[in-house]
Amino acid sequence: MPRTDLTWNTALLYPAPDSPELEEELASFEKLVSAFRRSYFEKVANLDDRALLAALHEYEALQNRMSKPFCYAHLLFAADSANPIYRALNQRCSELGSSLSQQLLFFDLDLMDLDDDRFDSFCRMPEAACYVHFLKGIRKFRPHTLKENEERLLTRKELTGIRAFTKLFDELSASFCYTMEMDGSMKEFTGEELLSLLHHTSADIRFRAMTLFLEKHGENGIVYNAVFNNMALDHGQDMELRSYSSAIQPTNIGNEIPDEAVEHLMSVTEANYGLARDYFRLKAGMLGMDKLRNCDVYAPVAEVERAYDFNEACALVVDSYNDYDPEFGRIVDAFFSDRRVDVLPRTGKSGGAFAMGISPEVPPFLLLNYTRTLRDLATIAHETGHGLHFVLSQKQTMLNYHAPLPLAETASVFGEMLLTRRMLDNETDPIVRKSLLCAKIEDIIATTFRQTVLTRFELRLHNERKSGLLSNDCISEIWLEENSKLFGDSVEMIPAYRWGWSYISHFIHSRFYCYSYTFAELLVLALFQKYRQEGDSFKPGYRELLESGGSLSPADTARLAGIDINTADFWQKGYDFLGGLIEELKEIA
Ligand SMILES: [Zn+2]
């Protein structure tokens with residue numbers, strides 16, 4: 001059945017932003033949280049095992065209950081950040097959330113402080129099994145945590161500090177409209193629409209679109225400079241206060257991946273940069289160019305790029321999940337039939353795409369900015385993969401619901417592989433096959449090599465900010481240097497690319513997230529090869545991996561599907577697979 005209403009139905013959560021249900025819920029939190037504080041403040045160390053278990057249940061129920069209205073406010077704001085009602089609600093929730101988490105903070109801190117014998121005895125209780133991973137995760141931060149009143153003060157000042165800069169970054173970036181000449185007339189574009197022109201057949205349009213997008217950010221260089229400098233300074237102060245040895249360490253502890261393993265992942269990736277350069281030269285040849293510019297990396301290799309109507313795209317995605325497992329197909333289809341997806345780009349709507357998992361009881365939502373390209377089609381497979389993961393991990397309770405960061409991209413990237421494989425298998429036209437292969441290779445390059453460039457840039461940014469304020473010239477220089485390690489002499493960077501760092505929201509929203517994409521891509525390439533070799537016998541383990549949510553460490557979760565991430569050649573296998581795809585392409589090209 002064709003879908004005509006392509007906005008999401010947030011009424012599935014609350015009837016309206018001013019509805020009494022929502023108001024009642026928000027108003028109840030202060031009371032509930034105060035009651036919790038009265039019951040347990042300064043008492044956690046003296047609770048017996050049963051009472052501690054009851055406290056954890058209560059804490060989890062609170063977290064569960066708070067997630068729904070806060071996520072609702074975030075969804076409204078993401079769909080239309082210019083709407084004053086949504087803005088006000090989102091701001092209110094952000095202030096309330098900050099105040100509640102300050103009041104609840106003592107609980108995490110007291111759990112962290114439990115002495116080891118006490119903690120071990122609690123963990124031996126069978127009913128506590130579901131909290132062990134959560135508790136161990138918290139206790140890893142013990143050496144880096146301050147006293148309760150200090151932590152509360154920091155959380156409180158964040159609202160006008162780092163979180164205010166984050167919000168400024170979001171609002172400024174979402175407010176841009178762009179005007180560019182196309183087909184003889186001046187046209188208006190959102191940032192997303194402009195970036196999708198990097199897939200246009202005309203080299204001139206690709207160049208102008210990327211230049212206009214980046215120069216617009218450059219015009220606001222004063223703001224981006226303040227945001228990036230303050231973000232790095234804030235993090236630097238945090239590292240000092242909390243005695244971290246490097247900027248990336250808190251992320252690695254949270255990810256439960258040792259620093260050396262992350263460094264190994266990145267250096268294996270860097271050792272394979274030659275594969276990307278090989279591909280860029282091959283692609284320049286296919287496009288009849290001497291050398292690619294970085295605005296040409298995603299240029300279509302076919303004369304006419306195929307546009308995918310949204311309903312057709314949905315059907316392709318649902319079918320590819322359906323082929324793998326009919327239940328996966330049903331879960332994915334429900335996003336569209338329940339209208340839990342916001343599809344089209346608009347001014348004021350946040351860019352990119354995301355999936356929001358709310359809690360084990362509330363269905364997840366997806367945001368897209370669909371512009372009919374093959375890449376957008378892959379994004380649907382990607383975000384519905386996240387959605388599927390969120391639905392399957394609803395088996396877990398709230399504190400184990402969210403997958404650990406390095407595994408958060410597993411189902412999404414696996415979903416993209418299912419779509420590509422299905423399309424490649426059903427396609428006989430060599431030109432379309434060539435396009436599909438290029439898209440997949442470019443995607444792997446973007447999620448592995450490019451993310452490593454981003455992480456290296458991020459590391460240097462934090463490091464060099466320690467010696468003082470960074471000018472935009474200086475940030476741009478670091479940016480271009482790190483990029484040229486990947487591109488070498490195979491790609492020429494356009495002049496406006498000096499602003500390429502300014503729009504990447506991961507740097508602002510979730511520090512050092514980028515290497516998680518590399519981790520996930522290589523893990524998925526390994527999973528997918530296993531699936532191709534083992535067929536149906538692979539499926540129960542993979543399903544178990546997704547259902548386990550955040551209840552286990554990344555290494556233990558991967559083991560459910562028979563993958564050992566600690567073997568020395570594990571990462572290289574993914575790149576060998578990529579090398580194979582490039583060879584396959586050379587034969588058709
Ligand atoms: Zn993703």
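Mentor: Begin with angles: under 35 degrees counts as roughly parallel, over 145 as roughly antiparallel, 65 to 115 as roughly perpendicular, and the rest as oblique. This is a predicted model, in which local features need pLDDT of at least 70, side-chain atom pairs count only at pLDDT 80 or more, and totals for chains, interfaces and linings use all residues. Residues are numbered from 1 along each chain as its sequence is written.

Trainee: Why are H1 and H3 called roughly parallel?

Mentor: Helix H1 (residues 20–40) crosses H3 at roughly 15°, and the two axes come within 9 Å. H3 spans residues 84–113. The angle falls under the cut-off of 35 degrees, so H1 and H3 count as roughly parallel. Helices here are DSSP runs (H or I, at least four residues), strands likewise (E, at least two), numbered from the N terminus. Axes are lines fitted to C-alpha atoms, for helices over the stretch in contact, and angles run from 0 to 180 degrees between N-to-C directions.

Trainee: How do you know which residues of H1 and H3 meet?

Mentor: By the contact rule: C-beta atoms, placed from the backbone, must lie within 7 Å. On the H1 side are Leu-26, Phe-29, Val-33, Arg-37 and Tyr-40. They meet Leu-96, Leu-100, Gln-103, Leu-104 and Phe-107 of H3. By class, this contact has 8 nonpolar, 1 polar and 1 charged residues. Nonpolar means Ala, Val, Leu, Ile, Met, Phe, Trp, Tyr, Cys and Pro; charged means Asp, Glu, Lys and Arg; the others, Gly among them, are polar.

Trainee: Is the crossing of H1 and H3 left-handed or right-handed?

Mentor: H1 passes H3 in a left-handed crossing. The near helix is then turned anticlockwise from the far one by less than a right angle; clockwise would be right-handed.

Trainee: What makes H15 roughly perpendicular to H16?

Mentor: The axes of H15 (residues 326–337) and H16 (residues 374–392) come within 9 Å and cross at roughly 110°. That value lies in the 65 to 115 range, so H15 is roughly perpendicular to H16. The crossing of H15 and H16 is right-handed. In H15 the contact uses Phe-328, Ile-331, Val-332 and Phe-335; in H16 it uses Thr-384, Gly-387, Leu-388 and Val-391.

Trainee: Why do S4 and S5 stand at the edges?

Mentor: The open sheet has 3 strands in the order S4-S6-S5, with mixed pairing. Strands S4 (341–342) and S5 (354–356) each have a single partner strand, so one side of each lacks a neighbour in the sheet.

Trainee: What makes S5 and strand S6 a pair?

Mentor: Pairing takes at least two DSSP bridges. S5 and S6 (residues 365–367) have 3 bridges and run antiparallel, with Ala-355 opposite Leu-366. H16 lies across S5 and S6, at about 15° to S5.

Trainee: How do you know whether Thr-410 is buried or exposed?

Mentor: Count other C-beta atoms, placed from the backbone, within 10 Å of the residue's own: 20 or more is buried, 12 or fewer exposed, in between partly exposed. Thr-410 has 26, so Thr-410 is buried. Thr-410 belongs to helix H17 (residues 410–426). Beyond neighbours within four places in sequence, Thr-410 contacts Ala-520, Leu-523 and Val-524.

Trainee: Why is Ser-243 placed in its exposure class?

Mentor: Ser-243 has 9 other C-beta atoms within 10 Å, so Ser-243 is exposed. Ser-243 lies in the loop between H10 and helix H11 (249–255). Ser-243 has a positive phi of about 50° although it is not a glycine.

Key. Two residues are in contact if their C-beta atoms, placed from the backbone, lie within 7 Å.
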